[in-house]
Amino acid sequence: MLFLFFLLLLITFSAILYRLFQQAIANGNSYVFLSALVFKLAAGLSIAAIYVYYYSAGDMLNYAQDARLLSDLFLKEPSFFFKVISAQEQVEGLIYQNQSRALFFSKVSAVLALFTLQNFWLMNLALSVANFIVCWMLIARLLKYFKCKPWVAYASFLYFPSVVFWSSGLLKESVAMGLIYVLIALFLDFYIGRKSSIGKSILFIVCAASLWFLKYYYAAALLPLLITLLTIGSVGKKPFTRFQKWRFFALGAMVVLVLLTLITQLHPNLKPDFVLEAIVRNHKLSIAASEAEGYIGFSQLEPNLYSFIINSPKAIFGGLFLPLFKFEGAAFLASLENLIFLIIFSYALAALFRKKRAWQHTELIFAAIVYIIFLSLLIALASPNYGSLSRYKVAYTPFCLFLCLLIISESQVFFSRFQSKKKI
């Protein structure tokens, strides 16, 4: 039975990849498709090898163990398996039995294990391929709707090392980023393409619910913005006058407030009277588990608004660009990447202020900026450890990089200088 499941997965992935590759050939970017796919698979195998041969323990191996236990249960007692998956029953021996988000991912991994012969390496490759497929579909929509230069999207989503690495393999981030890619791709079809269907709507709801169960703070940052834009999207059918812009953003702010109020009731950590305490508690736990100078140091972070406001500039900067100038081990690679990112961000900011221009879909760019600022602030404060920060920031780094490269690609300053040097 396991071999038949594996064969079904292999045929499905092969058919999807073949179709996407044929489209890539037609668009003249087949080399990008193949090189990015190889890079993604290498990242998935690399992170798996690190957990197996370097750490010899950790989340990835625990998820695989829980997945095998649950998938064995399917082979022996299918009816009881579905009761466990639907949370009607519990099974002894699960590592993450008492951790809801990790348990949810273990159940997802169990289904994956059934289609990958319960093989740890195949599970990592399968998730890497799945993430690549939905990422490529999102890129196709970004190129279509934003009319940007292809290299902008490729560099942001397919080749930036930490983005590729931490969204590969048997990790929650891999699935969470895949869900985010699908949600944004569907949103762009709804909002700009005006293409909607019952199937797409159901898929959007399923992905939104799955993201909530897996990474509720990612969902809390993303979903209010997407739903708000969809709710008032009819305003954007025509070019904005100055009055319409203010009306759009005012209405949007009201919808966001209503949605945030509803969301705060869905999880204890998001309730207004508890959220600051939860962030500070996680902050202290993260620091306690960190080595000296291995985390962002804040000025007496306390569970009150004043303390958060005072520390927010450093948190946003740290969430985007730290660590910097670390020269030991893996921290050096993260520092080098962050330095490159900071240079790109600085150049984009300078280009933006030097030459102002009208941008398409201004409201989408504004929503993306809000999403990036909110998550970088939240994650840096709650998890200031450089190691975990490098992993969690994958949720917003590619979108920030995309905006920066989009600005640079449209900057006449950069290309005029390049062309003048070429003529000389």
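**Close-up views of a predicted helical chain**

**View 1. The residue that follows helix α2.** Just after α2, residue S56 adopts a positive phi of about 60°, where helices (H or I, at least four residues) and strands (E, at least two) are DSSP runs numbered from the N terminus. This is a predicted model, in which local features need pLDDT of at least 70, side-chain atom pairs count only at pLDDT 80 or more, and totals for chains, interfaces and linings use all residues. Residues are numbered from 1 along each chain as its sequence is written, and side-chain values use heavy atoms, with hydrogens and water left out.

View 2. Buried residues of α2 include V32, F33, L37, I47 and Y51, buried meaning under 20% relative accessible area, exposed over 50% and partly exposed in between, with a 1.4 Å probe and protein chains only. The buried residues of α2 pack against helices that include α1, α3 (59-76) and α6 (120-146), a contact being heavy atoms within 4.5 Å.

**View 3. The whole chain as context.** The chain has 19 helices and zero strands, and buried residues make up 48% of its 424 residues. Of the contacts between residues at least 6 apart in sequence, 72% join residues at least 24 apart.

**View 4. Residue L4 in helix α1.** L4 belongs to helix α1 (residues 2-27) and is exposed, with a relative accessible area of 59%.
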